[in-house]
Amino acid sequence: MAEQPELTIQGWGPAGSRVATVAAREGADGPDDGVLELTADPDVTQTLPKAARRHLSRELGWTPRSTPPVPVRDIELAPSRLPAAARTALVELLGEENVADDRTTRLTHAGGKSYLDLLRRRVGDASDAPDAVLTPGSTEQTAALLQMCSDLGIVVVPFGGGTSVVGGLAGSDADDRPVVAVDLGRMSTMQALDVPSSLVTVGPGMRGPALEKALATEGLTLGHRPQSWEFATLGGYAATRSAGQSSTGVGRFDDLVAGLTLATPAGVLELGKPPASAAGPDLLGLALGSEGTLGVITELRLRVRPMPRTTAYEGWSFRSWAAGLAGLQRLARHDLLPDVVRLSDPDETRVTLLQATGTGSRALRAGLRSRRHGQGCLLVVGWEGLPTIVRARQRAATSVLKDGGAIRLGRRVGAAWQRQRFAAPYLRDRLLDAGLLVETLETAATWTALPRVYDAVRRALHDSLARPGRRPLVMTHLSHGYPTGASLYVTVLADRDDDLPIQQWLTAKRAATDALLAAGGTLTHHHAVGVDHRPWLSQEVGPLGVDVLRAVKAQLDPQGICNPGVLLPD
């Protein structure tokens, strides 16, 4: 059998996942006769344990079934609509090798990684694929192509790692103009490092692992590790105001941005003046979270810190969700929150136990079961830094946790979480293949509002997804703690409606979003707005706030070519 050719695919895994590399299994007619298969590291390729499978079948009323994605040859891809004259002009600007409209390149830049994105891809719908993919190599080239596309009426969608989970790469345009994706992969290096000032200058296409490797030679780290860390880019973090798993300690990504360069159709903006400035309103905040609607981020100046000398991760258990919230609130009030905080509700804790394997799982089961801790809620906490400071913070937090009735499960539980912290999307693919609805949503609320938001979201999802003999599993964890509140991250599993899967989730998403906003939650904490959340943006920022954003866009992007259809409501 001939060796399988590898394609660099950012979006077409076995379930259209966020996996970066797949192999095309050749059929009789070549690669397009096969399917795209996962070739990830086997250590992170997930399968569902039999106990978990049985549990989900009983709890959800789910009948496991095979629902594979269509073969590559059946993917529907319309011909490129990029006019020949426009293509010629772009080639003159960027070079032939940096203007691609072939089938593979267009497919690999089609949409993001939301559940709705994946559903469409699984049935061979590539209607969100761009007409061409451009790869500029500098701020000057990016600004020039934006001006050219503005003049020619071509929509531009910035593309980093392709990991948006809210439809942020849809490129939908009311006027149905041609769409190009601007891939930032050529701008993916560390350009300057100012060690005394703890600042690094990087290209927007650089990924987290590459930056951490470069910084490590100087004993430094950025410390931003969201679940998409393996594939997402630094420019994408800035454009969506990302939050990492250690954001309770190091801050969200917008806290780490000291400045950036934004290329727009109207010109180039240099934003941010470290260490600080009081020269009027902070325009940097307009670019952070702009989701490509104002232009393309072409350079970032980031705050870095020394690599931690030691780390301490461990597991705890609270008797109930309410007790866990109260315990973390006390830590927050006394400024004792660890760098990593993750409190799972009883449903997520139960599923975590069913999935767990290895020494960490034995410690987890022993801690939660032998102590008869009721509807136990797993808490994972982690500290990083200088040994003396870590020990002091850990001792102080331990005292507060014990006073709140928490039971320490030990470091093996913390180590098990660290090993699996980026694995969930791989398991998601397997569940989609087996006929499940698998999606997440998130919000944030004050400590006072958190219990109310938690109850409202769970109730809305249960009511909207329940059917005779079927009910969803709604799992929640608290993370990203602040003195005033925290984020809630919700994972939903349900038997998929194979006839109307998209409408099934749209109905549930609408109910959950209405409920969380009414209960006092934010529209989003770190997933951004995209297409999915834009109908509710005016409820978050007010009608006048939307008008302000529209006015800024009109000034920087007068022809409305920059990622239309996301962020701003119709």
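**Close-up 1. Arg65 and Asp495 meet in a salt bridge in this predicted model.** Their side chains come to 3.0 Å, N to O. The pair links distant parts of the chain, 430 residues apart: Arg65 sits in the loop between helix 1 (50–60) and helix 2 (84–94), while Asp495 belongs to strand 21 (residues 485–495). Arg65 is partly exposed at 24% relative accessible area, whereas Asp495 is buried at 7%. Look around this pair and you will find a network of salt bridges that also takes in Arg467, Arg470, Arg496 and Asp498.

**Close-up 2. Glu314 forms a salt bridge with Arg408.** Here the closest N and O atoms are 2.8 Å apart. Glu314 lies in strand 15 (residues 310–318) and Arg408 in strand 18 (residues 407–410), so the contact ties together parts that are 94 residues apart in sequence. Glu314 is buried, with 0% relative accessibility, and Arg408 is partly exposed at 38%.

**Close-up 3. Glu348 and Arg342 form a salt bridge.** The closest N and O atoms are 3.8 Å apart in this pair. Glu348 counts as buried at 7% relative accessibility; Arg342, at 23%, is partly exposed.

**Close-up 4. Four strands make an open sheet in the order 4-5-7-6.** Pairing in the sheet is mixed, and its edge strands are strand 4 (99–100) and strand 6 (155–159). Strand 4 runs antiparallel to strand 5 (residues 132–134), joined by two bridges. Val99 stands opposite Leu134 of strand 5.

**Close-up 5. Cys562 is buried, at 1% relative accessibility.** The structure holds zero disulfides.

Methods: Residues are numbered from 1 along each chain as its sequence is written. This is a predicted model: local features need pLDDT of at least 70, side-chain atom pairs count only at pLDDT 80 or more; totals for chains, interfaces and linings use all residues. Side-chain values use heavy atoms; hydrogens and water are left out. A disulfide is a pair of cysteine sulfur atoms within 2.5 Å. Buried means under 20% relative accessible area, exposed over 50%, partly exposed in between (1.4 Å probe, protein chains only). Two strands pair if DSSP finds at least two bridges between them. A salt bridge is a side-chain nitrogen of Lys or Arg within 4 Å of a carboxyl oxygen of Asp or Glu.
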